[in-house]
Amino acid sequence: MPRLLKLLASAMLAVTASLALAAGQPASIRIGSPDQSAGNKPFIAGPLGLAHIHQQLEQAFAADGVKIEWHFFKGAGPAVNEAFANRQLDIAYLGDLAAIIGRASGLETRVLLGSRGANMYLAATPESSIEGLEDLKGKRISVYRGTADQLSFARVLASAGLKERDLRIVSLDWSAARAALAARQIDAAWSGMGILALEAQGIEFPFGTKQLPVTSTTQGALLASADFIQRYPQATQKLVDILVGNAAWISDARNQDEYIDLLASQSSIPAALFTRELQGDDLVLRNSPRLDDFLRASFQDSGEQARALGLTRRPVEIDAWFEPSFVENAIVRQGLQLLWPRYDHDGEPATD
């Protein structure tokens with residue numbers, strides 16, 4: 001009897017998949033992201049993370065017989081790019097550097113949505129006596145190479161006339177950097193909000209991107225394979241519609257407490273850290289999904305930095321890579337044209 005049930009279930013799945021394909025829908029949508037969780041539940045913040053927590057995509061595509069598959073990677077950007085290269089993903093969220101490296105290496109992806117304004121922090125031991133950028137010379141600093149963190153740090157160093165060779169750079173992932181810093185094995189680490197948890201262990205935070213122009217923050221993007229977009233434009237638009245709706249909800253300060261509670265519950269990261277990360281930030285700017293001049297200029301700069309650092313060999317043509325039609329369609333569909341202005345390359349609302 002169990003064998004018969006399994007055969008029936010397999011047959012039903014096959015029929016569902018056939019119906020989806022016949023209707024111009026994929027049998028499944030495979031979504032990937034670096035796992036930012038501090039606990040045992042996979043986690044990503046932002047509109048995609050909200051869709052994951054609420055199972056919005058599963059609900060939206062159920063009637064079409066489309067299965068949603070989530071893949072979270074501890075290996076961050078390189079692991080996601082490898083999955084794209086092996087045709088194991090259709091959609092993924094990545095920071096700008098990892099996305100650029102993938103594109104420069106020949107991955108046929110398209111940028112569907114923008115992500116911007118994630119803050120970075122310099123966490124330092126009291127013994128290091130680091131109070132400003134000028135104190136970093138010769139210090140042992142952890143930066144997660146191959147991620148958007150590296151480019152953000154390079155921008156910050158450049159603002160003080162410094163280069164990576166002026167420091168003793170150690171490449172550690174986020175968890176390893178926190179452990180090394182707590183054990184006083186390094187002088188400082190440049191990392192995202194998770195590192196704020198070390199304040200209870202005496203770690204100091206002399207500066208971060210909150211004290212710097214928004215251009216020093218890290219940016220990211222939602223990517224899709226060009227093949228998926230070409231084959232399933234309707235499914236692509238439906239997915240983007242949901243994420244744009246989420247971005248609008250997150251942009252509303254009235255929802256911030258609820259949003260933070262959701263993030264904390266899913267990630268096992270204390271709510272106080274999310275509160276500290278978002279405090280004083282322009283939520284509308286930070287959560288704008290538009291592929292505007294700010295995001296284009298930031299990705300262009302990141303691409304040039306990646307080549308200068310020897311991380312890529314080929315230039316990335318931003319205009320050929322960005323595909324803004326889906327996000328702009330979603331904004332018009334939901335009447336959100338006045339919510340997000342188009343920001344210029346400095347992060348200021350464009351006047352024209």
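Strand β3, residues 91-95, and strand β10, residues 218-225, run antiparallel to each other and are joined over five bridges. This is a predicted model, so keep that in mind throughout.

What is the order of its strands? Reading across, it goes β2-β1-β3-β10-β4, five strands in an open sheet with mixed pairing. The edges are β2, residues 67-73, and β4, residues 109-118; each has a single partner strand, so one side of each lacks a neighbour in the sheet. On average, neighbouring strands are turned by 20° against each other, direction ignored.

Next, what packs on the sheet. Helix α2, residues 46-54, does, and it touches β1, which is residues 28-34, along with β2, β3 and β10. The direction of α2 makes about 120° with that of β2.

The other item is a helix pair. Helix α6 covers residues 148-159 and helix α13 covers residues 293-308; they pack at about 90°, with axes 10 Å apart. Roughly perpendicular is therefore the label for α6 against α13, since angles of 65 to 115 degrees count as such.

Which residues make the contact? From α6 there are Leu 151, Ala 154 and Arg 155. From α13 there are Ser 298, Asp 301, Ser 302, Gln 305 and Ala 306. Sorted by class, the contact of α6 with α13 has three nonpolar, three polar and two charged residues.

How values were computed:
Residues numbered from 1 in each chain as written. Predicted model: local features only at pLDDT ≥ 70, side-chain atom pairs only at ≥ 80, totals over all residues. Heavy atoms only, no water. Pairing = 2+ DSSP bridges. Helix = DSSP H or I, 4+ residues; strand = E, 2+ residues; numbered from the N terminus. Axes fitted to C-alpha atoms, helices over the stretch in contact; angles between N-to-C directions. Contact = heavy atoms within 4.5 Å. Parallel < 35°, antiparallel > 145°, perpendicular 65-115°, else oblique. Nonpolar A, V, L, I, M, F, W, Y, C, P; charged D, E, K, R; others polar.
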